[in-house]
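Subject: Structure handover

Hello,

Here is the structure I said I would pass on. Please open it first, then read the notes below it.

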Amino acid sequence: MFLSLPTLTVLIPLVSLSGLLYSASVEENFPQGCTSTTSLCFYSLPLPITIPVYVFFHLWTWMGIKLFRHS
């Protein structure tokens, strides 16, 4: 079973945001204690920038498909 692209477009940012909120609630010293690569919250810090980059490249791909289909 494969998920459709619109479903993944909504699902991936929501999962990323929930991971960030989870690690913020679990770690006592959330942003300051996230300097070690063994910490779970270290990997959740890039998530806020990952979501807009993901949406940008998704829209870029969609525009490329639209432009090359009609030419």
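Val-26 is partly exposed, with a relative accessible area of 37%. On this scale, buried means under 20% relative accessible area, exposed means over 50%, and partly exposed lies in between, with a 1.4 Å probe and protein chains only. Val-26 sits in helix H1, which covers residues 5-26. Helices here are DSSP runs of H or I with at least four residues, strands are runs of E with at least two, and both are numbered from the N terminus.

Before the rest, some notes on the source. This is a predicted model, in which local features need pLDDT of at least 70 and side-chain atom pairs count only at pLDDT 80 or more, while totals for chains, interfaces and linings use all residues. Residues are numbered from 1 along each chain as its sequence is written, and side-chain values use heavy atoms, with hydrogens and water left out.

The whole chain

The chain has two helices and zero strands. Of its 71 residues, 17% are buried. Its accessible surface is about 5700 Å², and carbon and sulfur atoms hold 76% of that. Accessible areas come from the Shrake-Rupley method with a 1.4 Å probe, and for residues only the protein chains shown count as cover. Among contacts (heavy atoms within 4.5 Å) with a separation of 6 or more, 41% are between residues 24 or more positions apart.

Thr-37 lies in the loop between H1 and H2 and is partly exposed, at 46% relative accessibility. Setting aside neighbours within four places in sequence, Thr-37 touches Phe-42 and Tyr-43.

Helix H2

The unreviewed UniProt entry annotates residues 47-65 as "transmembrane region". Such positions are given in the numbering used here, feature names are shortened, and annotations may be inferred rather than shown by experiment. In the model this span is 100% helix and 0% strand, and its end C-alpha atoms are 27 Å apart.

The structure holds two aromatic pairs. Rings of Phe, Tyr and Trp (its six-membered ring) pair if their centres lie within 6.5 Å; planes under 30 degrees apart are stacked, over 60 edge-to-face, and the rest tilted. Phe-56 and Phe-57 have ring centres 5.1 Å apart and planes at 75 degrees, so this pair is edge-to-face. Phe-56 and Trp-60 make a tilted pair, with 5.8 Å between centres and 40 degrees between planes. These two residues are four apart in helix H2 (residues 47-69), which puts about one helical turn between them. Ring pairs therefore join Phe-56, Phe-57 and Trp-60 into a cluster. Phe-56 is partly exposed at 46%, and Trp-60 is exposed at 59%.

Val-55, in helix H2, is partly exposed at 33%. Val-55, Leu-59, Trp-62, Met-63, Leu-67 and Phe-68 form a nonpolar surface patch of about 640 Å². Patches use residues with over 30% relative accessible area and no salt bridge, joining like charges within 9 Å and nonpolar side chains (Val, Leu, Ile, Met, Phe, Trp, Tyr) within 5 Å. A salt bridge is a side-chain nitrogen of Lys or Arg within 4 Å of a carboxyl oxygen of Asp or Glu.

Regards
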